[in-house]
Structure formats: structure tokens, C-alpha cells
Amino acid sequence: MSVPLDRMRVLDLSQDWDIHTPGFALYEGPTVTWVKRLAFDKAGGQRITSTLHVGTHLDAPLHFQTNGLDIASIPLSKLVGWACVVDLTRYGIGDYDIYGPEHFEQWERDTGIRIQPGDILVIHTGYHRHYPSDWAAACAESDPDDTRYFIKHPGPTRAFAEWVLERGISWLAVDAGSADHPMNTVIRRVRPDLAAEAERKLGRPLSEIFPDEDYQIMHILLFPRGVIHIENAGGEIDQVLDRRVMVGCFPWRFKGGEAAFCRFVAFVPE
């Protein structure tokens, strides 16, 4: 399918990045320092310090695989392609809930859109509206709540990760703090009080839902197979729900990088 770029709108599916942008659990957020000022140095200059899992970012296989591909080794031809933007909010998925293959197959039946081998899968949970600096609030009601955003968003189990491989999905993006369920990450240990709340909501022990061998399954199972993901997508994502559109992810050419800040965009016909 040809893409006439002269008749496309470019929508930004990235979130803001600034000194207030929170990092993932146990990751430091950014600092920005002015090291040159126009008045004294005839130019402005800044220094930034940050961990990489802050704001909209792309994880490379190196993040969870020794000697895995770094950011610079991921070709742009992989990072630009057709994507299905699946709106899970239509199925009433909320705090701590689990989504699986059945939701995506139901979405195919409801929309008539087939998630094809080689497609990029963009998962819309709606939790981007809880992001502390969701700049595109005009697209959807904004309700900043970083506890809900990082710790209560829905997520998958092994069944979904295996389905992603079976369906031949190229890579994923999600509008939440992690592609894994928050209770299948270090958050479960960092916030035991909310882990107990999640157990009450799900009605089963977390150790049963997320056994040790499945820890961060969306990273550990998929990355060695080249299925990587963007976390903290958002921005104008609500303008492309339930569609198959061309998207692009543009990190910098980071040699040795296990992750990178990125711009995530959709190309939409006028």
C-alpha cells in the first residue's frame, strides 16, 4: 500500500519530556542545567542527566538480553510500518485488570481489522490520561495521577506474550508505564500495600497469576526474539484509535544504548 506523504497529517503519539517527567520505579528522573547563557556566552547551552526509562522511550533487546541489539542496531525499516491501534477501553478494562489474546481477537471481530504478521501493535489502555504531563489533554479528558498511571494500569500475562509471537507482531507500543503488568515488575515489591489491593481486585494470589518464571514476561520472552516496545506512548493517540495506520519511532542513533528517548508519530491521511 502506497503512502502519499504530501496528503498526510503527522500526529505526535509521544509525551512531554522535562524536569518533571517521572522515571519508572527506582529510575531517577531527569535534571536539566543551563551551562551557558545568551547574555554572557552569546549562546544558550544545557546539560541533561537522566536514566533512559523516562517519558516516551524505546527499549532495545540489550535492556534484557546480554549482548542483545542496542538502539543503534535497530534499523529504521523496522521502526516504521503499519500499526493496528487497539482501544482496550471499549472492553471496560481498568485498574489492575489483565488483558489477553481474547481482547485483541474480539477487537478484530468488532472492527473488521485484521492484525497481520509484521504489523506493529499499539495498545491503548487509556491510562495515558493519568500521565503527569499529558500535553494532548484536548484529545481526551486528563486526570493526572502518577500512582494510578504507573502502579494500577492493566497489563498482560504469559498468554498474551506467546500470542504476540504466534501472530508475528513486529513490535509494540503501550500508553502506560510498562508493557508488563505493574504487578509483574519490581513495583510488586516496592509497593506491597498496592500489591495486596491488586490481589483483592483480581481475586487470586499474584504469585499464581505471575509466577517467578514469568517475571517481566513481555521483556524476557519477547526481546531475544526481536519484539521490542515503546513505553509511555500517548499524546494524540486518541485520534487514531481502532485504525490501521502508518507509524514511526525515531530514537537517536545510540551506539551501546539499552533504551532511548524517542519521538513516536502516526501518519494519517487528510
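The questions and answers below go through charges, rings, backbone angles and surface patches in a predicted model.

User: What kind of model is this, and from which number are residues counted along each chain?

Analyst: This is a predicted model, in which local features need pLDDT of at least 70, side-chain atom pairs count only at pLDDT 80 or more, and totals for chains, interfaces and linings use all residues. Side-chain values use heavy atoms, with hydrogens and water left out, and residues are numbered along each chain, as its sequence is written, from 1.

User: How many salt bridges does a search of the whole structure find?

Analyst: Side chains of opposite charge can pair when their charged atoms come close. A salt bridge here is a side-chain nitrogen of Lys or Arg within 4 Å of a carboxyl oxygen of Asp or Glu. Over the whole structure, the number of salt bridges found is 14.

User: Asp110 and Arg90 meet in a salt bridge; how many residues apart are they?

Analyst: The side chains of Asp110 and Arg90 meet at 3.9 Å, N to O. Helices (H or I, at least four residues) and strands (E, at least two) are DSSP runs, numbered from the N terminus. Asp110 is in helix H3 (residues 101–111) and Arg90 in the loop between strand E5 (80–87) and H3, so this pair links distant parts of the chain, 20 residues apart.

User: Is Arg167, which forms a salt bridge with Glu108, buried or exposed?

Analyst: The closest N and O atoms of Arg167 and Glu108 are 2.5 Å apart. Arg167 lies in the loop between helix H5 (158–166) and strand E7 (171–174) and Glu108 in helix H3, so the pair ties together parts 59 residues apart in sequence. Buried means under 20% relative accessible area, exposed over 50%, and partly exposed in between (1.4 Å probe, protein chains only). Glu108 has 10% and is buried; Arg167, at 13% relative accessibility, also counts as buried.

User: Which residue forms a salt bridge with Arg204?

Analyst: Arg204 is partly exposed, with a relative accessible area of 39%. The closest N and O atoms are 3.3 Å apart, and the partner is Glu208.

User: Which residues do salt bridges that share partners join into one network?

Analyst: Asp110 and Arg90 meet in a salt bridge, and both are partly exposed, Asp110 with 39% and Arg90 with 39% relative accessible area. Asp242 also counts as partly exposed, at 21% relative accessibility. Shared partners join into one network the residues Arg90, Asp110 and Asp242.

User: What is the phi of Asn232?

Analyst: Most residues other than glycine have a negative phi. Asn232 lies in the loop between strand E8 (229–231) and strand E9 (243–251) and counts as buried at 2% relative accessibility. Asp242, found in the loop between E8 and E9, has a positive phi of about 60° although it is not a glycine. Phi of Asn232 is also positive, near 65°.

User: How many aromatic pairs are there, and what is the angle between the planes of Tyr99 and Phe104?

Analyst: Rings of Phe, Tyr and Trp (its six-membered ring) pair if their centres lie within 6.5 Å; planes under 30 degrees apart count as stacked, over 60 as edge-to-face and the rest as tilted. By this rule the count is 13 aromatic pairs. The ring centres of Tyr99 and Phe104 are 5.9 Å apart, and the pair is edge-to-face because the planes stand at 70°.

User: Which residue pairs with Tyr131?

Analyst: Tyr131 counts as buried at 0% relative accessibility. It lies in the loop between strand E6 (120–124) and H4, and its partner in helix H4, so the pair ties together parts 18 residues apart in sequence. The pair is edge-to-face, with 5.0 Å centre to centre and 70° between the planes, and the partner is Tyr149.

User: Which residues gather in a patch of negative charge on the surface?

Analyst: Patches are made of residues with over 30% relative accessible area and no salt bridge, like charges being joined within 9 Å and nonpolar side chains (Val, Leu, Ile, Met, Phe, Trp, Tyr) within 5 Å. Lys and Arg count as positive and Asp and Glu as negative, with His and the chain ends not counted; the place of a charge is NZ of Lys, CZ of Arg, CG of Asp or CD of Glu. The residues that gather in the negative patch are Glu141, Asp143, Asp145 and Asp146.

Conventions: Accessible areas come from the Shrake-Rupley method with a 1.4 Å probe; for residues, only the protein chains shown count as cover.
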